[in-house]
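Dear colleague,

Please find below the structure that I am handing over to you. I would be grateful if you could look through it alongside the notes in this message.

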Amino acid sequence: MVGTKETSSPESEGKNGLMASSSSAFFYRKPEPPSITGFHRTHDESHNIVIELQRSGSGFSAADGSILSSIVREKDLTLLATLGGLEGIADSLKTHLRDGIGGSSQDISRRKETFGISVRATADFWQKRKLEKGCEDFPVVVIRSGRKRQVSIFDIVVGDVICLKMGDQVPADGLFVEGYSLRVDEFSMTGESDHVEVNKDQNPFLLSGTKVAKGCAKMLVVSVGLNTGGLLMSSIAVDSREETPLETRLNKLASSLGFIGLSSVLMVLVILLVRYFTGHTKNEIGTIEFVPGKTKAVHVINDVLGIVASVVSILVVAIPEELPLAVGYILAYSTDRTKGDHQTMVRNLPAFEALSCITTICTDLTGILTLNEMKVTKCLIGKECIEARGHSPIAPNVLQLLFQGIGLTKSSTVQQFLTVTTSDDAIHSWAVLKLNMEMNINTRDFSVLDLEASCPEKKIGVLVKNQSYETFHAHWKGDAEIILSSCSHYQDTTGNIVVLDDQEKERFHQIIEDMAANSHQSIAFAHKQISQDEYENEVTNHDIPNSGLVLLGIFGLKLLCSPSVKEVVEICQQAGISVKLITGGNASLAKAISVECGIIPPNEGVNDGSMVKGVEFRNYTDKERLVKVDRARVMSRSGYVDKLLAVNCLKEIGHVVAVIGNSLNDAPSLHEANVGISLGIQAPILLKESSDIIILDNNFASVAQVLRWGRCIYDNIQKHTQFSLTVYASALAINIVAAISVGKMPLTPAQLLWVDLTMNTLASFALAAEEPNTELMKKRPVSRSDPLITNIMWRNIIGQASYQITVVLALMFKGKSIFGVHEKAVDTLVFNTFVLCHVFNLFNTRKLEEKNVFKGILKNKLFIGLACMIVILQVILVEFLNKFARTEKLNWEQWAACIVIAAVSWPFGCLIKYIPVPDADTIFNLLPRILRRGLMTTRS
């Protein structure tokens, strides 16, 4: 048994309507709302649950938070009823279920004070998620002071009334107030894939983090922050960032190179030890370091430790651990730039990385290829095309029904749950101007009983009751072909209802086709007066009657392609990317728009396989689909199942697929595609969560920029890899040759650490700063089977490393005679030249194939700044930190010689780019595979 009691004086019990029971529990009678500000749950001697109501001056219930949240989290109908149901809680929270909270700054502040911990926890939680996963703040529609307004999710307070529609994420725990056919997806909470029906009687509970799968509703917020069930579940989940595909490939390459480096280091160690113990090494004064029987053990130990320390320092460059790290900061830099410059938010780094491999883009029509601007240019009522005129000859009863259908989509009741579209505004404006419809048509005589919005079928149904005549009416609006298929009659301009036989249907179909061929979207309105039995059946099944309708009118709305769409399509095609239009719209409309956008030539069509309908594609065999999907460039009348099937087929035959969408219909395909791209900051949460990349400015032209950035990332990673491998190869080779020939390292441990710091961090950051250019979109997409290190890169690596090894060894062996200096100065010249060679090679690496390495360099100020910083730091190290680096100051002639020797790498790099390389696999492509196999064999 559940009861309540008030923790106040005994005299107050009668005033507050509390009644004692035989079990010593008190049962709730709705008190005056302002007096209740808190309650908590206790147990009496009989183990009955007792709800204690507490008085204070705050004016609404400040429960210890756990009671309100537990009602929803535990879906406790008994406790809800005990507290007076929805109305009782709304009263205690000082919320009007229709008009919401007052919304004044004082009211919001008071609620934040009372529930401040939860509100701050929500903000902290979402900010953390934003940093960890790139999630963005999203707007929520609330009702305050009787008006709908958008607020940030961070600004929701307990007591708010929130409007939910299909595709929305429930932003807080709450109770169902009113709505139509509401079903939610609680998979993230329960793991159950079935959608849960939410209603006022059996299940009025809405959990934070769940998603609206169908219908629309208003909810009362009772808990926010980490007290909510959804956020508690979400906070348990641990985000673990997985390696991207390129990081995995570079890790394997680094392991293979590390195996070579470690083997080389061990070989050098053996050689140096052999030379030392055989008396082939001398100290600084020219005497032999080790003489058997004469050299003290302490000196031997010190000398051996010195040899080991020198050899170990080679491991700094011998094991290129920084290769995989480069992917991380190149991706981080690029995602930050795309968000700032192109209003693009990346949610999935591996998908962003995969942009360079995209071979096919699948896109929808409305709002992506076309502008969100429409204008009614044609209207058909009955058999008559209505032109602009001052007085319409249409019968009043026909106009009345048509105005009702148009007005209901703009009514305040419907607008609380459904978003008014561009087509709704265009039709409403045209009806006001051309048919003399009242701007604010009176729909108060009609009470809305049910709403039904179908995303795949593109239609909306409204069931209303005429209060004056006690009759029930179903109004439908949507795609003209789909609405027409549900009609059995049409109403002409005189008010007569005419049977819609096959001949008449064919005539209407032809009119719709003609509109579509002229880039017109056709919207139809239909009506049906239903009987009491049909209404009772609707109450049971929640299905608004959609058969035997009477066609009222068809409107043709002109669609305009976005100005930049054709240019973007051409850029994609030039880059080897096929653009496919997959839409639920009419075939003729899809063809007209695709021709205008350049997706297909005007002379192509159904006969040559470039166009196909969704139902046809669905009915093909598996083998036929794999053949047809590659040829088809336009798929009309397709639902989300057809689009999903097309994406899977494209992936199966080897395509890397990107899907661009802006509606809930696209969510499954976005999730299945290699790269899912959604357009618009106002896109439903479900759509955003299915996307890898979100283009916030809702501009199709940004797709080309995103593709450029994807290719630029891959290009920059290749540049970094080439540069790092050149450093790796030259440093390793120089130390090995020096160890074998003279028995000492030309580069000290401190110098090798300095090379690793500057070359593998600052220099790599400079390469990461390279921005995309138009040349990137003239190359074919990167195949996932292509080697990361191409033959061109191998040529550049071997060429530059050979030059550096040659000049550095020449300085090491002939530096004394050339410059007339002592050995320490030669070592400094070797170190300085080695570093400067890599600085100059940094410029060569900017262009893997082009001979003009300075093209566009003035635009990249960050690159120039980092290159100058390396040179300045090198000067400081050599001239001022010579004790640390074991260097000697150089004069101007010596600095000039180092610079000239290093600068020769520019013309030398240009010359080696004239050397042709084959496209097929060579020993350099096979080398990483051979090394990996050797490593695996060694480990086993």
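The notes below cover the confidence of the model and then its salt bridges.

Please bear in mind that this is a predicted model. The protein chain has a mean pLDDT of 81, with 82% of its residues at 70 or more. Where pLDDT is low, the predicted coordinates should not be read in detail.

Turning to the salt bridges, the count comes to 24. One of them joins K200 and E87, whose closest N and O atoms are 3.5 Å apart. This pair connects distant parts of the chain, 113 residues apart: E87 lies in helix 4 (residues 85-92), and K200 in the loop between strand 10 (196-197) and strand 11 (205-206). K200 is partly exposed, at 42% relative accessible area, and E87 is partly exposed at 36%.

K165 and D168 form another salt bridge, at 3.7 Å from N to O. Here K165 is partly exposed, with 28% relative accessibility, whereas D168 is buried at 14%, the cut-off for buried being under 20%.

A salt bridge also links E470 with K465, with 3.0 Å between the closest N and O atoms; E470 is partly exposed at 46%. Finally, D107, R110 and R111 are joined in a network of salt bridges.

With kind regards

Definitions and conventions. Residues numbered from 1 in each chain as written. Predicted model: local features only at pLDDT ≥ 70, side-chain atom pairs only at ≥ 80, totals over all residues. Heavy atoms only, no water. pLDDT = per-residue confidence, 0-100. Salt bridge = Lys/Arg side-chain N within 4 Å of Asp/Glu carboxyl O. Helix = DSSP H or I, 4+ residues; strand = E, 2+ residues; numbered from the N terminus. Buried < 20%, exposed > 50% of the residue type's maximum accessible area, 1.4 Å probe, protein only.
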